[in-house]
Amino acid sequence: MGTIPLWLRTRMMSVFEPWDPARGAEIIAEHVHVEGATLVMLHALQEAFGYVPEAAIPVVATALNLSRAEVHGVFTFYHDFRKKPAGRHVLKLCRAEACQAAGGDRLAARAEAKLGIALGDTTADQLVTLEPIYCLGLCATAPSAMLDGRLIGQAR
(Lines give C-alpha, C1' and ligand atoms only; values in the text may rest on other atoms or scores of the structure.)
Protein backbone atom coordinates (compact mmCIF):
# COMPACT_ATOMS: atom_id res chain seq x y z
CA MET A 1 0.00 0.00 0.00
CA GLY A 2 1.23 3.50 -0.79
CA THR A 3 1.89 6.08 1.89
CA ILE A 4 -1.13 7.98 3.10
CA PRO A 5 -0.38 11.65 3.71
CA LEU A 6 -0.56 12.97 7.27
CA TRP A 7 -3.20 15.57 6.32
CA LEU A 8 -5.53 12.76 5.29
CA ARG A 9 -4.84 10.79 8.46
CA THR A 10 -5.82 13.71 10.69
CA ARG A 11 -8.48 15.54 8.64
CA MET A 12 -12.17 15.38 9.53
CA MET A 13 -12.15 12.12 11.46
CA SER A 14 -15.40 10.27 10.87
CA VAL A 15 -16.19 7.59 13.42
CA PHE A 16 -19.05 5.14 13.08
CA GLU A 17 -20.80 3.12 15.74
CA PRO A 18 -20.37 -0.65 15.64
CA TRP A 19 -23.51 -2.44 14.42
CA ASP A 20 -25.92 -3.10 17.24
CA PRO A 21 -29.39 -4.52 16.48
CA ALA A 22 -31.02 -2.60 19.34
CA ARG A 23 -29.49 0.69 18.16
CA GLY A 24 -30.53 -0.14 14.59
CA ALA A 25 -34.12 -0.74 15.71
CA GLU A 26 -34.04 2.56 17.60
CA ILE A 27 -32.90 4.45 14.49
CA ILE A 28 -35.58 2.77 12.39
CA ALA A 29 -38.30 3.56 14.96
CA GLU A 30 -37.26 7.24 14.97
CA HIS A 31 -38.05 7.51 11.26
CA VAL A 32 -41.08 5.26 10.82
CA HIS A 33 -43.53 8.18 10.34
CA VAL A 34 -41.33 10.28 8.07
CA GLU A 35 -42.36 10.72 4.43
CA GLY A 36 -40.13 8.57 2.23
CA ALA A 37 -39.18 6.57 5.30
CA THR A 38 -37.36 3.78 3.46
CA LEU A 39 -34.66 6.09 2.12
CA VAL A 40 -34.55 8.13 5.30
CA MET A 41 -34.03 5.00 7.41
CA LEU A 42 -31.34 3.59 5.13
CA HIS A 43 -29.47 6.90 5.17
CA ALA A 44 -29.77 7.16 8.96
CA LEU A 45 -28.47 3.61 9.40
CA GLN A 46 -25.51 4.29 7.12
CA GLU A 47 -24.79 7.57 8.89
CA ALA A 48 -24.66 5.77 12.23
CA PHE A 49 -22.83 2.59 11.22
CA GLY A 50 -20.96 3.60 8.06
CA TYR A 51 -22.96 1.06 6.04
CA VAL A 52 -26.38 -0.57 6.00
CA PRO A 53 -26.05 -3.92 7.75
CA GLU A 54 -27.81 -6.80 6.00
CA ALA A 55 -29.59 -7.56 9.29
CA ALA A 56 -31.26 -4.13 9.18
CA ILE A 57 -33.12 -4.80 5.91
CA PRO A 58 -35.82 -7.08 7.40
CA VAL A 59 -36.23 -4.72 10.37
CA VAL A 60 -36.87 -1.79 8.00
CA ALA A 61 -39.28 -3.97 5.99
CA THR A 62 -41.25 -4.97 9.09
CA ALA A 63 -41.40 -1.40 10.41
CA LEU A 64 -42.82 -0.15 7.10
CA ASN A 65 -44.98 -3.19 6.31
CA LEU A 66 -42.96 -3.86 3.16
CA SER A 67 -41.36 -7.02 1.86
CA ARG A 68 -37.64 -7.55 2.34
CA ALA A 69 -37.38 -7.60 -1.46
CA GLU A 70 -38.87 -4.10 -1.68
CA VAL A 71 -36.40 -2.68 0.85
CA HIS A 72 -33.52 -4.58 -0.73
CA GLY A 73 -34.57 -3.15 -4.11
CA VAL A 74 -34.32 0.39 -2.77
CA PHE A 75 -31.01 -0.39 -1.07
CA THR A 76 -29.42 -1.80 -4.23
CA PHE A 77 -30.88 0.83 -6.58
CA TYR A 78 -29.01 3.70 -4.93
CA HIS A 79 -25.24 3.44 -5.35
CA ASP A 80 -24.48 5.53 -2.27
CA PHE A 81 -25.49 2.77 0.15
CA ARG A 82 -22.71 0.46 1.35
CA LYS A 83 -22.93 -3.25 2.17
CA LYS A 84 -19.85 -3.22 4.37
CA PRO A 85 -18.26 -0.67 6.68
CA ALA A 86 -16.39 2.20 5.10
CA GLY A 87 -12.95 3.29 6.18
CA ARG A 88 -12.43 6.09 8.66
CA HIS A 89 -12.32 8.49 5.68
CA VAL A 90 -14.38 8.25 2.52
CA LEU A 91 -12.84 9.80 -0.59
CA LYS A 92 -15.26 10.01 -3.51
CA LEU A 93 -13.88 10.87 -6.93
CA CYS A 94 -16.20 12.22 -9.60
CA ARG A 95 -16.28 9.93 -12.64
CA ALA A 96 -18.70 11.99 -14.77
CA GLU A 97 -17.75 13.19 -18.24
CA ALA A 98 -16.70 16.76 -17.33
CA CYS A 99 -14.34 15.51 -14.64
CA GLN A 100 -12.97 12.80 -16.94
CA ALA A 101 -12.26 15.44 -19.60
CA ALA A 102 -10.45 17.58 -17.01
CA GLY A 103 -8.10 14.82 -15.83
CA GLY A 104 -10.36 12.72 -13.63
CA ASP A 105 -8.93 9.46 -14.97
CA ARG A 106 -5.40 10.55 -14.05
CA LEU A 107 -6.60 11.66 -10.61
CA ALA A 108 -8.33 8.31 -10.02
CA ALA A 109 -5.24 6.37 -11.16
CA ARG A 110 -3.03 8.47 -8.89
CA ALA A 111 -5.35 7.98 -5.89
CA GLU A 112 -5.47 4.22 -6.51
CA ALA A 113 -1.66 4.05 -6.76
CA LYS A 114 -1.11 6.24 -3.68
CA LEU A 115 -3.59 4.28 -1.55
CA GLY A 116 -2.76 0.88 -3.02
CA ILE A 117 -6.43 0.06 -3.69
CA ALA A 118 -8.92 0.21 -6.56
CA LEU A 119 -12.05 2.36 -6.71
CA GLY A 120 -14.68 0.75 -4.50
CA ASP A 121 -12.16 -0.68 -2.03
CA THR A 122 -10.92 0.20 1.46
CA THR A 123 -7.29 0.26 2.58
CA ALA A 124 -6.16 -2.70 4.69
CA ASP A 125 -5.83 -0.45 7.75
CA GLN A 126 -9.47 0.66 7.29
CA LEU A 127 -8.34 4.28 7.03
CA VAL A 128 -9.65 5.21 3.56
CA THR A 129 -12.47 4.01 1.32
CA LEU A 130 -12.11 5.17 -2.28
CA GLU A 131 -15.43 5.43 -4.12
CA PRO A 132 -16.54 6.55 -7.55
CA ILE A 133 -19.37 9.07 -7.65
CA TYR A 134 -21.21 10.35 -10.70
CA CYS A 135 -21.37 14.13 -10.68
CA LEU A 136 -20.79 16.34 -7.70
CA GLY A 137 -21.98 19.42 -9.59
CA LEU A 138 -18.54 21.05 -9.55
CA CYS A 139 -17.90 20.89 -13.30
CA ALA A 140 -16.32 24.36 -13.36
CA THR A 141 -13.59 23.18 -10.98
CA ALA A 142 -13.19 19.67 -12.38
CA PRO A 143 -11.89 17.17 -11.58
CA SER A 144 -13.74 17.19 -8.31
CA ALA A 145 -13.88 15.02 -5.22
CA MET A 146 -15.54 14.74 -1.83
CA LEU A 147 -13.63 13.89 1.32
CA ASP A 148 -15.74 12.97 4.34
CA GLY A 149 -18.64 15.00 2.94
CA ARG A 150 -16.51 18.06 2.12
CA LEU A 151 -16.52 19.07 -1.56
CA ILE A 152 -13.16 19.65 -3.22
CA GLY A 153 -12.65 21.23 -6.63
CA GLN A 154 -9.51 22.20 -8.44
CA ALA A 155 -8.60 25.85 -7.85
CA ARG A 156 -8.38 27.85 -11.04
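Biologist: Starting with α4 and α5: is the crossing right-handed or left-handed?
Modeller: α4 passes α5 in a right-handed crossing. Keep in mind that this is a predicted model.

Biologist: Which residues of α4 and α5 make the contact?
Modeller: From α4, Ile-57, Pro-58, Val-60 and Ala-61. From α5, Arg-68, Val-71, His-72 and Phe-75. By class that gives six nonpolar residues, one polar and one charged.

Biologist: And at what angle do α4 and α5 pack?
Modeller: About 115 degrees, with the axes 8 Å apart. Helix α4 runs over residues 56-64 and helix α5 over residues 68-77.

Biologist: What sits between α4 and α5?
Modeller: A loop, and Asn-65 is found in it. Asn-65 has a phi near 55 degrees, which is positive in a residue other than glycine. Most residues other than glycine have a negative phi.

Biologist: Is Asn-65 buried or exposed?
Modeller: Asn-65 counts as exposed because its relative accessible area is 72%, and the cut-off for exposed is over 50%.

Biologist: Which other residue has a positive phi although it is not a glycine?
Modeller: Gln-126 is one, at about 65 degrees. Gln-126 lies in the loop between α6 and β2. Gln-126 has a relative accessible area of 43%, so it is partly exposed.

Biologist: Back to α4. How do α3 and α4 pack?
Modeller: The angle is about 145 degrees and the axes are 11 Å apart. This crossing is right-handed. On the α3 side you have Ala-37, Thr-38, Met-41, Leu-42 and Leu-45. They meet Ala-56, Ile-57, Val-60, Ala-63 and Leu-64 of α4.

Biologist: How far apart are the end C-alpha atoms of α3?
Modeller: They are 18 Å apart. The 13 residues of α3 should span 18 Å at 1.5 Å a residue, so the two values agree.

Biologist: Which residues of α3 are buried?
Modeller: Ala-37, Thr-38, Met-41, Leu-42, Ala-44, Leu-45, Gln-46, Ala-48 and Phe-49. What covers them includes α2, α4 and α5. Just after α3 comes Gly-50, with a positive phi of about 85 degrees.

Biologist: What is Gln-46 in contact with?
Modeller: Leaving aside neighbours within four places in sequence, Gln-46 contacts Phe-16, Tyr-51, Val-52, Asp-80, Phe-81 and Arg-82.

Biologist: Where is Val-52?
Modeller: In the loop between α3 and α4. Val-52 counts as buried because its relative accessibility is 2%.

Biologist: What does Val-52 touch?
Modeller: Not counting residues up to four places away in sequence, Val-52 touches Leu-42, Leu-45, Gln-46, Ile-57, Phe-75, Phe-81, Arg-82 and Lys-83.

Biologist: New topic. Where is the kink in α6 centred?
Modeller: On Gly-103, and the kink is about 80 degrees. Helix α6 has 19 residues, 97-115, with its end C-alpha atoms 24 Å apart. A straight helix would reach 27 Å at 1.5 Å a residue.

Biologist: What do the buried residues of α6 pack against?
Modeller: Against β1 (89-94) and β2 (128-133). The buried residues are Cys-99, Gly-103, Gly-104, Ala-108, Ala-111 and Leu-115. Gly-116 follows α6, and its phi is positive, near 75 degrees.

Biologist: Which peptide bond is cis, with omega near 0 degrees?
Modeller: The one from Ala-142 to Pro-143. Pro-143 has its place in the loop between β2 and β3. Most peptide bonds are trans.

Biologist: Big picture, then. How many helices and strands does the chain have?
Modeller: Six helices and four strands. Along the sequence they run α-α-α-α-α-β-α-β-β-β. The C-alpha trace spans about 50 × 30 × 20 Å along its principal axes.

Biologist: What share of the chain counts as buried?
Modeller: 38% of its 156 residues.

Conventions
Residues numbered from 1 in each chain as written. Predicted model: local features only at pLDDT ≥ 70, side-chain atom pairs only at ≥ 80, totals over all residues. Heavy atoms only, no water. Helix = DSSP H or I, 4+ residues; strand = E, 2+ residues; numbered from the N terminus. Expected span 1.5 Å × (residues − 1). Bend = angle between axes of the 7 residues up to and from the residue. Buried < 20%, exposed > 50% of the residue type's maximum accessible area, 1.4 Å probe, protein only. Contact = heavy atoms within 4.5 Å. Axes fitted to C-alpha atoms, helices over the stretch in contact; angles between N-to-C directions. Left-handed = near helix turned anticlockwise from the far one by under 90°. Nonpolar A, V, L, I, M, F, W, Y, C, P; charged D, E, K, R; others polar.
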